[in-house]
Amino acid sequence: MSDDLRMLRMLQSDSALELSEYRDQQFNGNNDEQEKLLKESSTLYVGNLSFYTTEDQIYELFGRCGDIKNVFMGLDKIKKTACGFCFVEYHTRADAENAMRFLNGTYLDDRIIRTDWDLGFREGRQYGRGRSGGQVRDEFREDFDAGRGGFGKQAQAC
């Protein structure tokens, strides 16, 4: 077996590129359609960002894996401030695959970031979906996290 064929098989079985179980509940279509689009996408969701991470930092880190087309920072839908996620859109699927392989689980602003495949940015998706305007997960967090605005919303309500 040639080295090229061996490398191709290794890349095809790369677990870093597998789809996660998450599916966007606001997608207008069935799971099969969504899965097909995810397998073709060149856009990544990047989560667990600090509220203080900048767009420039995202370009700097993710640009090491390929040519970035756009970065869309996630915003609190009420305050219009960063709320800990973004979308990174690459020009090619291969560049996005490199980012999935090499950046998922790395540190940025003292936080372990996570990446996942995304269907592609559409206007309105940059806003948090939580009741308080930010991300849903921050509403249920009970611990103090300075990088994500202090205590979670439930802990603040006590």
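What percentage of the 158 residues of the protein chain count as buried?

## Overview

In this predicted model, 42% of the 158 residues of the protein chain count as buried. The accessible surface of the protein chain comes to about 9,400 Å², and carbon and sulfur atoms hold 50% of that surface.

The protein chain contains six helices and eight strands, which follow one another along the sequence in the pattern α-α-β-α-β-β-α-β-β-β-α-β-β-α.

## The four-stranded sheet

Four strands form an open sheet in the order β2-β3-β1-β6, and their pairing is antiparallel. At the edges of this sheet are β2 and β6, each of which pairs on one side only. On average, and with direction ignored, neighbouring strands of the sheet are turned by 25 degrees against each other.

The pairing of β1 with β6 is antiparallel and extends over five bridges. Within this pairing, Leu44 has Trp117 of β6 as its bridge partner.

## Helix α3

Helix α3 lies across β1, β2, β3 and β6, and it runs at about 140 degrees to β2. The buried residues of α3 are Ile58, Leu61 and Phe62; because they cover an arc of only 85 degrees around the axis, they sit on the same side of the helix. In general, an α-helix has 3.6 residues a turn, so residues three or four places apart point the same way.

The buried residues of α3 pack against the strands β1, β2 (68–75), β3, β4 (107–108) and β6, and also against helix α4.

## Helix α4

Helix α4 spans residues 93–103, and its buried residues are Arg93, Asp95, Ala96, Ala99, Met100 and Leu103. Seen down the axis of α4, these buried residues fall within an arc of 165 degrees, so they line one face of the helix.

Just after α4, Gly105 takes a positive phi of about 90 degrees.

## Cysteines

Cys65 is buried, with a relative accessible area of 11%, and Cys86 is buried as well, with a relative accessible area of 0%. With a disulfide taken as a pair of cysteine sulfur atoms within 2.5 Å, the count of disulfides comes to zero.

Conventions
Residues are numbered from 1 along each chain as its sequence is written. This is a predicted model: local features need pLDDT of at least 70, side-chain atom pairs count only at pLDDT 80 or more; totals for chains, interfaces and linings use all residues. Side-chain values use heavy atoms; hydrogens and water are left out. Buried means under 20% relative accessible area, exposed over 50%, partly exposed in between (1.4 Å probe, protein chains only). Helices (H or I, at least four residues) and strands (E, at least two) are DSSP runs, numbered from the N terminus. The arc is that of the directions from the helix axis to the C-beta atoms. Accessible areas come from the Shrake-Rupley method with a 1.4 Å probe; for residues, only the protein chains shown count as cover. Contact means heavy atoms within 4.5 Å. Two strands pair if DSSP finds at least two bridges between them. Axes are lines fitted to C-alpha atoms, for helices over the stretch in contact, and angles run from 0 to 180 degrees between N-to-C directions.
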